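Here's a quick briefing to read with the model open next to you. Have a look at the fold before going through the points.

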Amino acid sequence: MLLLEGVQEVTEDKCVAQVRVDGQAWYAQPDGAMPGWFGIELMAQTIAVFSGVRKREVGAAPRLGFLLGTQRLECSMAAFPAGALLEVSAQLCYLDESGLSAFTCEIHHLGKSVSKATLKTYEQP
């Protein structure tokens with residue numbers, strides 16, 4: 001399932017992507033909104049983009065990654081409204097040779113932070 005619409009920026013320690021909430025998508029609530037808890041998936045997909053771009057830069061193939069856990073999830077919106085343009089950022093906290101990593105992630109809507117979490121991930125060597 002691909003929810004991201006585009007990538008705005010990828011640096012050596014950060015990725016910023018965007019998502020337009022599709023009111024007709026399979027996840028849509030009766031009013032077309034995306035449940036707020038989907039934010040974790042948006043964050044995880046942004047991390048996957050970050051990893052894929054880093055692999056491509058060194059000529060390596062993408063690797064299978066796993067979301068291990070989420071800490072301190074905060075979401076001020078129960079749902080993201082249909083048609084909303086969301087900006088999702090993932091800032092690298094650490095990445096070690098074993099494939100373990102952590103990212104501080106945030107979702108912005110209309111320039112305001114509406115969701116935050118730290119995601120821990122593992123990428124197969």
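**Quick tour of the chain**

Buried residues account for 37% of the 125 residues in the protein chain. Keep in mind that this is a predicted model. The chain carries one helix and eight strands, and in sequence order they run β-β-β-α-β-β-β-β-β.

**Overall shape and surface**

- The radius of gyration of the protein chain is 14 Å, which agrees with the value near 14 Å that a compact globule of 125 residues would have.
- Of the contacts with a separation of 6 or more, 64% are between residues 24 or more positions apart.
- The protein chain exposes about 7,100 Å², and 53% of that comes from carbon and sulfur atoms.
- On the charge side, there are 10 positive and 14 negative side chains. The centres of those two sets sit 3 Å apart.

- You'll find Ser101 in strand β7, which covers residues 100-109.
- Is Ser101 buried or exposed? Ser101 counts as buried because its relative accessibility is 6%, and the cut-off for buried is under 20%.
- The Ser101 side chain has a polar contact with the side chain of Thr121, at 2.3 Å.
- Leaving out residues up to four places away in sequence, Ser101 touches Tyr94, Leu95, Leu119, Lys120 and Thr121.

**Thr118 meets Arg72**

- Thr118 belongs to strand β8, while Arg72 belongs to strand β4 (residues 65-75).
- Which residue's side chain does the side chain of Thr118 join in a polar contact of 3.2 Å? That partner is Arg72, again side chain to side chain.
- With a relative accessibility of 9%, Thr118 counts as buried. Arg72, on the other hand, is exposed, with a relative accessible area of 59%.
- Setting aside residues up to four places away in sequence, Thr118 touches Gly69, Thr70, Gln71, Arg72, Phe103 and Thr104.

**Backbone angles to check**

- Some background for this part: most residues other than glycine have a negative phi.
- Arg72 has a phi near 50°, a positive value in a residue other than glycine.
- Leu110 also has a positive value, with phi near 55°, and is likewise a residue other than glycine.

**Leu110 in its loop**

- Where is the place of Leu110? Look in the loop between β7 and β8, the latter being residues 112-123.
- Leu110 is exposed because its relative accessible area is 76%, and exposed means over 50%.
- Leu110 and Ala84 are 26 residues apart in sequence, and their C-alpha atoms are 8.4 Å apart in space.

Definitions and conventions:
Residues numbered from 1 in each chain as written. Predicted model: local features only at pLDDT ≥ 70, side-chain atom pairs only at ≥ 80, totals over all residues. Heavy atoms only, no water. Helix = DSSP H or I, 4+ residues; strand = E, 2+ residues; numbered from the N terminus. Rg over C-alpha atoms; globule rule 2.2 N^0.38 Å. Buried < 20%, exposed > 50% of the residue type's maximum accessible area, 1.4 Å probe, protein only. Contact = heavy atoms within 4.5 Å. Areas by Shrake-Rupley, 256 points an atom, 1.4 Å probe, with all protein chains shown as cover. Lys, Arg positive; Asp, Glu negative; His and termini not counted. Charge placed at Lys NZ, Arg CZ, Asp CG, Glu CD. Polar contact = N/O pair within 3.5 Å; in protein donor to acceptor, adjacent residues only side chain to side chain.
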